[in-house]
2 protein chains.
Amino acid sequence: MRIKELAEATGVDVDTIRYYEKQGLLPEPARQDNGYRDYASTHLERLAFIRHCRALEMPLADIRRLLGALDAPGEPHPDVDRLVQEQIDKVRARLKSMRALEKQLLLLKASCGRCDDEGSDCGILKELVAAAHGEACACHAHLAH
Amino acid sequence: MRIKELAEATGVDVDTIRYYEKQGLLPEPARQDNGYRDYASTHLERLAFIRHCRALEMPLADIRRLLGALDAPGEPHPDVDRLVQEQIDKVRARLKSMRALEKQLLLLKASCGRCDDEGSDCGILKELVAAAHGEACACHAHLAH
DNA sequence: TGAAAACCCTGGAGCGACTCCAGAGTCAAG
DNA sequence: CTTGACTCTGGAGTCGCTCCAGGGTTTTCA
């Protein structure tokens with residue numbers, strides 16, 4: 001299987017596949033006589049696994065750990081549960097701040113009375129300026145993380 | 001006002017202030033005799049504005065546009081409304097995918113029957129492997145953007 | 001008075017996870 | 001036999017910072 005086939009089979013960009021190899025997430029495949037990478041089905045599975053983890057927004061370092069656990073099936077791997085829980089916590093925190101964000105933006109948009117072509121009194125800009133003046137609004141707080 | 005005062009007044013890191021200047025978001029301040037930056041209150045306002053926009057997760061390029069609109073108060077600036085709407089759309093899309101994400105992670109966590117120290121049959125890993133096999137699950141889809 | 005600490009400057013590197021590019025080689029179709 | 005699609009490598013660019021080295025300046029304290 002050449003790299004483009006693997007890319008199409010998994011929906012992963014060719015460059016990204018090479019990048020994962022360089023990062024040690026995907027083992028180096030065999031090479032054909034011409035030097036082209038020659039992937040086996042194990043690579044396909046592993047890449048799909050990586051991609052699934054990425055879809056869960058796990059950082060590559062965490063995925064490396066999970067792959068390590070997979071590669072040592074007999075041994076204990078107490079990290080796995082913790083990694084997933086940490087990921088959940090991260091996502092929850094992010095969700096919270098994004099909900100606040102959406103609210104702010106909607107308020108902002110509502111404040112734009114009439115942004116006509118005169119444009120001389122766009123409420124949004126006024127609002128942003130005013131908000132910037134209020135020294136400790138909720139938005140500012142959430143940025144600090 | 002020296003850079004550290006400005007940093008403390010706005011809660012923005014000193015390096016970040018210099019970075020904004022380099023990026024053309026914050027105008028170059030006057031210099032004291034010793035070469036130190038000497039900020040006026042206009043800088044404080046502008047920096048607070050930038051920070052507020054960043055809190056709304058607008059990219060710097062968009063903020064540059066908004067600042068441009070602020071700097072040309074008489075002229076029309078039809079971009080402003082659109083920028084805010086686009087930002088709302090971005091946040092909404094992100095919220096949606098993050099909610100799906102949370103659900104996935106919770107399912108994953110629930111699937112971990114007992115990750116004891118034997119570790120030989122961690123449900124999470126099994127689940128991830130299985131999920132990676134199902135070629136087109138919801139998670140995979142949301143990654144593509 | 002002198003030394004140490006705290007501040008300031010510039011330019012450049014590093015982060016994460018890609019993405020894109022240049023320049024060169026390989027291969028199949030028309 | 002040429003065109004186009006594919007592959008290779010190594011390196012640079014992206015975003016929004018953050019940190020560092022190596023220097024100068026100012027403040028503070030003994």
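**View 1. Helix 4 and helix 5 of chain B run roughly antiparallel to each other (an angle over 145 degrees)**. In this predicted model, local features need pLDDT of at least 70 and side-chain atom pairs count only at pLDDT 80 or more, while totals for chains, interfaces and linings use all residues. Residues are numbered from 1 along each chain as its sequence is written, and chains are lettered from A and ligands numbered from 1 in the order in which they are written. The two helices (DSSP runs of H or I, at least four residues, numbered from the N terminus) pack at about 150 degrees with axes 10 Å apart; axes are lines fitted to C-alpha atoms over the stretch in contact, and angles run from 0 to 180 degrees between N-to-C directions.

**View 2. Here is the surface near DNA strand D, where near puts a residue's C-beta atom, placed from the backbone, within 6 Å**. Helix 2 of chain B gives the most, three residues.

**View 3. Now for the surroundings of DNA strand C, again made up of 17 residues**. The closest are A:Asn34, A:Pro59, A:Leu60, B:Lys4 and B:Arg37. Helix 2 of chain A provides the largest share of this surface, with three residues. Helix 4 (60–71) of chain A and helix 1 (3–10) of chain B are among the elements that each supply at least two.

Conventions
Angles under 35 degrees count as roughly parallel, over 145 as roughly antiparallel, 65 to 115 as roughly perpendicular and the rest as oblique.
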